[in-house]
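Welcome, and thank you for taking a look at this chain with us. The report below walks through its strands, its cores and one of its helices.

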Amino acid sequence: MANSDHTTRRTFLSLTGGAAALVIVRPVDATPAMLSAAIRNVVGEADVHTGKVKLDIPPLVENGNTVPMTVSVTSPMTADEYVKSIHVFNEKNPQPNIGNFHLGPRAGRAQVSTRIRLADSQKVTAIARLSDDTFWSATADVVVTLAACTEEAI
């Protein structure tokens, strides 16, 4: 009888183990409200002005896994006038705030370069906080032909 129970258990385990399903992991879709909240989290209630920031990012990328980006800000970078921080946001990734860079007058120049992942074609926004606590921004549209940030798991 114990042999019969063992066989039944083994049969059950082999049947349930063979019935594993494909699980697709998809992050929550970002919304304009999420982007707005992420920006407000950095700037508070301050106005964000257009200008002083240059966002150099390719307008068309084949692969969203590694998109080169450079943000530079017009600033003398002196003890009295410098860039405190640069923040990068996107509208469609699960995490809308994709980079925070803290600078100071000793940085020499207000420029950061990195590679980012983009989930889909979208707008990318860079915002710089200057030493006078004003915020300046630039936005670029990027078309992605092969999206990143979505993965399938088995």
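Predicted model: local features only at pLDDT ≥ 70, side-chain atom pairs only at ≥ 80, totals over all residues.

## A tour of the chain

S6 covers residues 83-90, while S7 covers residues 97-102. The two strands pair in the antiparallel sense, and 5 bridges hold that pairing on record. Within it, histidine 87 has asparagine 100 of S7 as its bridge partner, and serine 85 stands opposite histidine 102 of S7.

S6 also has a partner in S9, again in the antiparallel sense, this time over 7 bridges. Here phenylalanine 89 stands opposite threonine 125 of S9. Is S6 mostly covered or mostly uncovered? S6 is mostly covered, with 7 of its 8 residues buried.

The residue pairs just mentioned are gathered here:

| Residue | Stands opposite | Strand of the second residue |
|---|---|---|
| Serine 85 | Histidine 102 | S7 |
| Phenylalanine 89 | Threonine 125 | S9 |

Now let us step back to the whole chain. The secondary structure comes to 2 helices and 11 strands. Reading from the N terminus, the order of elements is α-β-α-β-β-β-β-β-β-β-β-β-β. The chain has 154 residues, and 32% of them are buried. Its accessible surface comes to about 9,600 Å², with 53% of that belonging to carbon and sulfur atoms. Among contacts with a separation of 6 or more, 66% are between residues 24 or more positions apart.

What lies inside? In soluble globular proteins, nonpolar side chains tend to be buried together. The largest nonpolar core of this chain has 26 residues, and Leu55, Ile57 and Val71 touch the most other members. At least two residues of this core come from each of S3 (53-56), S5 (67-73), S6 (83-90), S8 (111-116), S9 (122-130) and S10 (135-146). Which strand gives the most to this core? That is S10, with 5 residues.

Leaving aside residues up to four places away in sequence, isoleucine 57 touches Val67, Pro68, Met69, Ile116, Val124, Ala140 and Val142. Another core lies apart from the largest one; this other core has 7 residues, including Leu35, Ala38, Ile39 and Val43.

Those four names lead us to helix H2, where Leu35, Ala38, Ile39 and Val43 are the buried residues. Seen down the axis of H2, these buried residues fall within an arc of 120 degrees, so they line one face of the helix. The face turned away from that buried side carries Ala33 and Asn41, which are exposed. And what do the buried residues of H2 pack against? They pack against S2 (48-50), S6, S7, S9 and S10.

As for its dimensions, H2 spans residues 32-43, which makes 12 residues. From the first C-alpha to the last, H2 reaches 16 Å, close to the 16 Å expected at 1.5 Å a residue. Just after H2 comes glycine 44, with a positive phi of about 65 degrees.

Definitions and conventions:
Residues numbered from 1 in each chain as written. Heavy atoms only, no water. Buried < 20%, exposed > 50% of the residue type's maximum accessible area, 1.4 Å probe, protein only. Contact = heavy atoms within 4.5 Å. Areas by Shrake-Rupley, 256 points an atom, 1.4 Å probe, with all protein chains shown as cover. Core = buried A, V, L, I, M, F, W, Y, C linked by side-chain atoms within 4.5 Å. Pairing = 2+ DSSP bridges. Expected span 1.5 Å × (residues − 1). Arc of directions from axis to C-beta.
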